[in-house]
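Colleague: I would like to learn how to read salt bridges in a model. Please take me through one.

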Amino acid sequence: HLVESGGGLVQAGGSLRLSCAASGRTFDTYHIAWFRQTPGKEREFVATIDRGGGIFLIDAAVKGRFSISRDNAKNTVYLQMNSLKPEDTAIYYCAASFTHTTDSSRPSIWGRGTQVTVSS
């Protein structure tokens, strides 16, 4: 399964690094994506990285501020978030999929999420 960590309360302009830790020996067979969700809204794509860590996609809303990376030796994917804005406030989820996707309906394994709150 997947466990997110690193969320918290930060002022606008600040940074956070989220981690998505996985158990099991097959971590490097999955593409990993980050999504976020706010109350009353659908889960939206943030970033995704392929199995080997060489190919990634970042949503336009966070491009230039967020980056994604992975360490397969540690079974962990990271989401580095810089220059945070109040509109980045959401629950952030990581998800594993056999396809490299930005579609939240495709991943088969989800973490429980970590809350990120950005104050103005």
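This is a predicted model: local features need pLDDT of at least 70, side-chain atom pairs count only at pLDDT 80 or more; totals for chains, interfaces and linings use all residues.

Modeller: Residues are numbered from 1 along each chain as its sequence is written, and side-chain values use heavy atoms, with hydrogens and water left out.

Colleague: How many salt bridges does the structure hold?

Modeller: Side chains of opposite charge can pair when their charged atoms come close. The criterion is a side-chain nitrogen of Lys or Arg within 4 Å of a carboxyl oxygen of Asp or Glu. The structure holds 3 such salt bridges.

Colleague: Which residue pairs with Glu44?

Modeller: Arg36 does, with the closest N and O atoms 2.6 Å apart. Arg36 also forms a salt bridge with Asp88, at 2.9 Å from N to O. Strands are DSSP runs of E, at least two residues, numbered from the N terminus.

Colleague: Is Asp88 buried or exposed?

Modeller: Buried means under 20% relative accessible area, exposed over 50%, partly exposed in between (1.4 Å probe, protein chains only). Asp88 is buried at 0%. Arg36 is buried at 7%. Glu44 is partly exposed at 39%.

Colleague: What else does Asp88 pair with?

Modeller: Arg65, at 2.7 Å from N to O. Arg65 sits in the loop between β6 (56-58) and β7 (66-71), 23 residues from Asp88. Arg65 is buried too. Shared partners join Arg36, Glu44, Arg65 and Asp88 into one network.

Conventions:
Helices (H or I, at least four residues) and strands (E, at least two) are DSSP runs, numbered from the N terminus.
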